[in-house]
Amino acid sequence: MAKKGKKYVEAAKLVEKGKAYPIDEAVALVKKTSITKFDAGVDVAFKLNLDTRHADQQLRGAIGLPNGTGKDKRVLVIAEGAKAEEAKAAGADFVGAEDVLENIEKGWLDFDVAIATPNMMPKLGKLGRVLGPRGLMPNPKTGTVTMDVEKAVKEQKAGMVNYRTDKDGNVHMPMGRVSFTEEALKENFLTVKDLILKIKPSTVKGTYVKNVVISTTMGPSIKVEL
């Protein structure tokens, strides 16, 4: 087990082990326990009672946070003609078609999210092994395969967050930065929580949400009371 640094150990002392904090106290505490010199990200993780061997219990989608994530996303749009122009006007960082696909094939991955029009998806198929593992493959479930390019670009720039369960039934996503106000972090958390509860699969039996924690980059985890 890796040895924890002095700053982490001191920060961890502020968190009562095993205690689930009301969200107001949790967001205040997560700001206090940040140990980085930079504006650290704040993440939330839900441990859910899901059996991801079943397709209906594999949760995936996208959600817009009311206060964004505090990160400026680099948005790539793979489209041609009028849709490419629409993407540029909407504020996409990179726009292209065959030229972009060739660059990705050569190893270019300097973007955070990729949006594609449906007609470009067959051409993207050969890049699945490159983009898929990195979570960069456009997908209709996350709103990144669409003809409404303008809307998709603006949503991503405003703080749209993609989510999906891992093999153990966890959903992990960003919910802001340490520089956010406590109220902004709380609003983002409640938005995510409401979504998680809303998309509960009907086949789940017993306790659905097993545990919820929030934490900063390199900081200790804080259990949240639901």
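The model is predicted, so to speak of local features takes a pLDDT of at least 70 and side-chain atom pairs count only at pLDDT 80 or more, while totals for chains, interfaces and linings use all residues. Residues are numbered from 1 along each chain as its sequence is written, and side-chain values use heavy atoms, with hydrogens and water left out. The protein chain is assigned domain 1 (18-68 + 160-223) and domain 2 (77-157); such bounds come from an automatic or database domain assignment.

**Where the two domains meet**

- The centres of domain 1 and domain 2, taken over C-alpha atoms, sit 27 Å apart.
- Five residues of domain 1 are in contact with six residues of domain 2, where contact means heavy atoms within 4.5 Å.
- About 600 Å² is buried between domain 1 and domain 2, and carbon and sulfur atoms give 46% of that. Buried area here is the accessible area (1.4 Å probe) that two parts lose on being put together, summed over both.
- Arg60, Met160 and Asn162 supply 82% of the area that domain 1 buries against domain 2, more than any other three residues.
- A salt bridge is a side-chain nitrogen of Lys or Arg within 4 Å of a carboxyl oxygen of Asp or Glu.
- One residue pair is in polar contact across the interface of domain 1 and domain 2, with both residues at pLDDT 80 or more. A polar contact is a pair of N or O atoms within 3.5 Å; within protein, one must be able to donate a hydrogen and the other to accept it, and residues adjacent in sequence count only if both atoms are side-chain atoms.
- On the side of domain 1 that touches domain 2, β2 (60-64) and β6 (160-164) each supply at least two residues. The largest share, three residues, comes from β2. Strands (E, at least two residues) and helices (H or I, at least four) are DSSP runs, numbered from the N terminus.
- That side of domain 1 divides into two nonpolar residues, two polar and one charged. Ala, Val, Leu, Ile, Met, Phe, Trp, Tyr, Cys and Pro count as nonpolar, Asp, Glu, Lys and Arg as charged, and the others, Gly among them, as polar.

**A helix with buried residues**

- In helix α2 (residues 23-32), the buried residues are Ile23, Ala26, Val27, Ala28, Leu29 and Val30. Buried means under 20% relative accessible area, exposed over 50%, and partly exposed in between (1.4 Å probe, protein chains only).
- The cover over the buried residues of α2 includes β1 (41-48), α8 (182-198), β8 (209-216) and β9 (222-223).

**Salt bridges**

- The structure holds 15 salt bridges.
- Side chains of opposite charge can pair when their charged atoms come close.
- Lys13 is exposed at 60% relative accessibility, and Glu10 is partly exposed at 48%.
- Arg177 and Asp39 form another salt bridge, at 3.8 Å, N to O. Arg177 lies in strand β7 (residues 170-177) and Asp39 in the loop between α2 and β1, so the pair ties together parts that are 138 residues apart in sequence. Asp39 is partly exposed, at 32%.
- Glu98 and Lys123 make a salt bridge at 2.8 Å, N to O. Glu98 is in helix α4 (residues 98-105) and Lys123 in helix α5 (residues 121-124), which puts the pair 25 residues apart.
- Lys71, Arg74 and Asp112 are linked in a network of salt bridges.

**Loop residues worth a look**

- Thr69 has its place in the loop between β2 and β3 (75-78), and counts as buried because its relative accessibility is 8%.
- A polar atom of the Thr69 side chain lies 3.3 Å from the backbone nitrogen of Lys71.
- Not counting residues up to four places away in sequence, Thr69 touches Gly159, Val161, Pro174, Gly176, Arg177 and Phe180.
- Thr52 lies in the loop between β1 and β2 and is buried, at 15% relative accessibility.
- Beyond its neighbours within four places in sequence, Thr52 has contacts including Gln57, Thr165 and Gly169.
- His54 is in the loop between β1 and β2, and is partly exposed at 41%.
- His54 and Thr203 are 149 residues apart in sequence and 9.7 Å apart in space, C-alpha to C-alpha.
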